[in-house]
Amino acid sequence: MDRKQKQRLIPYALQQKLPELVLKNAGVVDVFSKRVRKADVAIQDGVIVGVGDCRGREERDLGGAFVAPGFIDSHVHIESSMVSPPLFAEKILAHGTTAVVADPHEIVNVAGGAGMEYMLSQTENAGVRFYFMLPSCVPISSIEHNGAVFGADRMRRFRGHPRVLGLGEVMDCPGVLRGDGGLLEKIGLMEGGVIDGHAPAVRGRELQAYRLAGVQTDHECTDYAQA
Ligand SMILES: [Zn+2]
């Protein structure tokens, strides 16, 4: 929000001006205090300018319906849904998901950089915020014949894209532990962003070596203690 927008909205937050829309009698889901409280929600120019006892130019009675922040799906493979990104967006939005972080390793394994470009172009202004991790293991290992190779040289042009956040789940854990040069080059290229891992049941010294290589996360935890 820039300074001019803040200056325009402050009088609405103070209720010196009536906001364009107030959702009356909402069950506001407060994800910080983990409570649901009954309140009105005031909106101006698409921005929430007040929660509490509010008045507005248009008022809609929600009768206690929940108002919650949009869900963020932090790890998904859109292709597994078997639908195109715009239809995927339409379906998840209806269930309250407003942002996703996707690793398009299925399409990139087949189509390489063209697949990555397709996913970026198909998710612009999609109604849902789509962010991407660059697939790290295309192919997943030297014995795979999947159709495409997506090495650091081909990744480079996507680095710096405002919706590319880092490197997708580094599945070739044995490759990392061998010190595979190509894999470490990809991790190095995307350092500064998030480097996602994929290391089920990797523990102890192997986990320390995997972490030392630059991998930051793992979504494959097999029990609570490991997580
Ligand atoms: Zn995954």
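Okay, some ground rules. The model is predicted, so local features need pLDDT of at least 70 and side-chain atom pairs count only at pLDDT 80 or more, while totals for chains, interfaces and linings use all residues. Residues are numbered from 1 along each chain as its sequence is written, and side-chain values use heavy atoms, with hydrogens and water left out.

Let's start with the zinc ion. Which protein donors does the zinc ion have? They are His75 (NE2), His77 (NE2) and Glu169 (OE), lying 2.1 Å from the zinc. Donors here are N, O and S atoms within 2.8 Å of the metal (3.2 Å for Na, K and Ca); water is not among the atoms, so sites may look incomplete. His75 sits in strand E6 and Glu169 in strand E9, 94 residues apart, so this pair links distant parts of the chain. Strands (E, at least two residues) and helices (H or I, at least four) are DSSP runs, numbered from the N terminus.

Buried or exposed, what is Glu169? Buried, at 3% relative accessibility, whereas His75 is partly exposed at 24%. Buried means under 20% relative accessible area, exposed over 50%, partly exposed in between (1.4 Å probe, protein chains only).

Next, helix H4, residues 113-122. Its buried residues are Gly113, Gly115, Met116, Met119 and Leu120.

Last, Asp53, in the loop between strands E3 and E4. Asp53 is exposed, at 72%. Leaving out residues up to four places away in sequence, Asp53 touches Lys24 and Asp40, where contact means heavy atoms within 4.5 Å.
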